[in-house]
Amino acid sequence: MSQTHIAAGATERTPEQQEALHAIERLVAFALQNKLIEEADRDYSRNLLLEQFGFSEPYAGVLNETVLDGPQPLLDTLIDYGFEIGLIPENTDTYRDLLDAKIMGQLMARPSEVVRTFRHTEQTEGIEAATSQFYELSIHSNYIRMDRISKNVYWTQDTAYGDMEITINLSKPEKSPKEIAMAKLLPPPVYPKCQLCRENVGYAGRVNHPARQNLRVIPLELNGEPWFFQYSPYVYYNEHCIIFHHDHVPMKLTKDTLRRLLAFVGEYPHYFIGSNADLPIVGGSILTHDHFQGGRHTFAIQNAKPEAVFRHAGSPGLTLSLVKWPMSVLRLASQDPAELLEAGNAVYEAWKVYSDSTVEIEAFSEVDGERIPHNTVTPIVRRSADGGYEMDLVLRNNRTNDEHPEGIFHPHREMHHLKKENIGLIEVMGLAILPGRLKEELDSIADILAGDTKLAEAAKTSEHVLNKHLGWAEELIERFGPNLNKEQAVALVQQEVGLKFAEILEHAGVYKYDEAGRQAFRRFVSSMGYTE
């Protein structure tokens, strides 16, 4: 441990003030060490923080210079002090996060400087180096909260379709009942219009909108249009990025969408990119602002093998494959992105109007004389190992019926105790994002399998938190007995959740993995002029 003496006179301070001043000095040093600021910014950044916390002089003691992995311990010290002096009205996660982002926003380069650095690195070292540097910046600035993300539960599960990835998401802070009530009283957001708008950069936030003073974005052009590139604050996988439109325009899948995806991997060949579908039930959580998600991660869908390969006389350099995957995936591959664009768009246009009543696929329905579309796709684009282009088109349909009012091709009700939300892009690719409530609930199921008869009996009451899992728990007891040791029980519960996730994806597949489903799938492919 090295130490430096800060030579500065100081008035008598309380221990809390001394601790806060020390945290400011160390935080400035952390920002300098991790290239959030430059040496010329040191005094300027310190003075901004001194003003923010009501100090007129810096720390005058011995500075602890232990190297930190992240800024959170120092931020916690400052936020605790900030609460004491009234900088936040309540000591809740929501208000702490608002102050957290404000502090780190004082310790970062301006957006234009971040963009210049990105462009310089891109030109001198390449795009991979530029994105790696920008990703590190997003972590060190605490925009990506690695301290929270590290708490997520993660495991893999071997299935008939490959190794699925399962996460229980614990990284998003929960609001208190009081904060939820306050948020309901606030008027609908006018500025920024949503959490994807470019105006979020530098925004102070409020109870119903996160602070973004530590957010930085990189402009890019797709299809001759202005877009932006940033990282997700809740990275679900390596270098999880978001590409969003310059303007607040709704999501709509068109040929231009596919063109943009191909253009992105042309410029960022080390990343995949995909779009959520553009219809309710099968779409993403934000349909009001056009955006994509990408990153540097190999998902199970990418490793899924083709079960049949087709060709088309009009596209001699292209292959179309049926992929062995619980959802219905057509994989198009070509060395020529222009050829792939035309073929991908032809598949999409054909699917939008295709019906097959033998497998409950109807492209349209009529409601009060209005024709309602039901077919769309979840598109995913990446570069192949040989430098070519691959496009996975995952066929989607958002019809409902009396038996499945939430969606025929949606997690069915027997799965809702684990997952009832939309199956979006990330889960389509084989990464389950399960709600945080499941961490304790699954652990309690494991307790039952390990012989906790009192808990098993309590779960039978309708108000008990485990009651929604009761049928599943009884099935597990019947299959495996109630006398496992805890370690075995935990492993077993995780295994069964992973297998359930594969089954959930099967529910979302429009062509089922049975003889009738595969024949129907081939009929669609043949209808477009493809032959094996």
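Let's begin just past the end of helix α17, where Gly529 takes a positive phi of about 90°. Keep in mind that this is a predicted model.

Now step back into the helix itself. α17 runs over residues 515-527, which makes 13 residues. From its first C-alpha to its last it reaches 18 Å, close to the 18 Å expected at 1.5 Å a residue.

Which residues of α17 are buried? They are Gly517, Arg518, Ala520, Phe521, Phe524 and Val525. These residues sit on the same side of α17 because they cover an arc of only 160° around the axis. Behind that is a simple bit of helix geometry: an α-helix has 3.6 residues a turn, so residues three or four places apart point the same way.

And what lies over that buried side? Among the elements covering the buried residues of α17 are the strands β10 (306-312), β11 (315-323), β12 (329-334) and β16 (389-397), along with helix α11 (337-352).

On to the second largest pocket, which has a volume of about 750 Å³. Its lining is made up of 26 residues, and those nearest the centre are Leu36, Met108, Ala109, Arg110 and Glu113. Three elements, α2 (42-52), α5 (111-125) and α6 (127-140), each give two or more residues to this lining. The top contributor is α6, with six residues.

| Type of lining residue | Number |
|---|---|
| Nonpolar | 12 residues |
| Polar | seven residues |

Definitions and conventions. Residues numbered from 1 in each chain as written. Predicted model: local features only at pLDDT ≥ 70, side-chain atom pairs only at ≥ 80, totals over all residues. Heavy atoms only, no water. 1 Å grid on protein atoms, 1.4 Å probe; cavity = no way out; pocket = protein on both sides within 12 Å on 5 of 7 lines; lining within 4 Å. Points joined across faces, edges and corners; volume = space filled by probe spheres on them. Helix = DSSP H or I, 4+ residues; strand = E, 2+ residues; numbered from the N terminus. Nonpolar A, V, L, I, M, F, W, Y, C, P; charged D, E, K, R; others polar. Expected span 1.5 Å × (residues − 1). Buried < 20%, exposed > 50% of the residue type's maximum accessible area, 1.4 Å probe, protein only. Arc of directions from axis to C-beta. Contact = heavy atoms within 4.5 Å.
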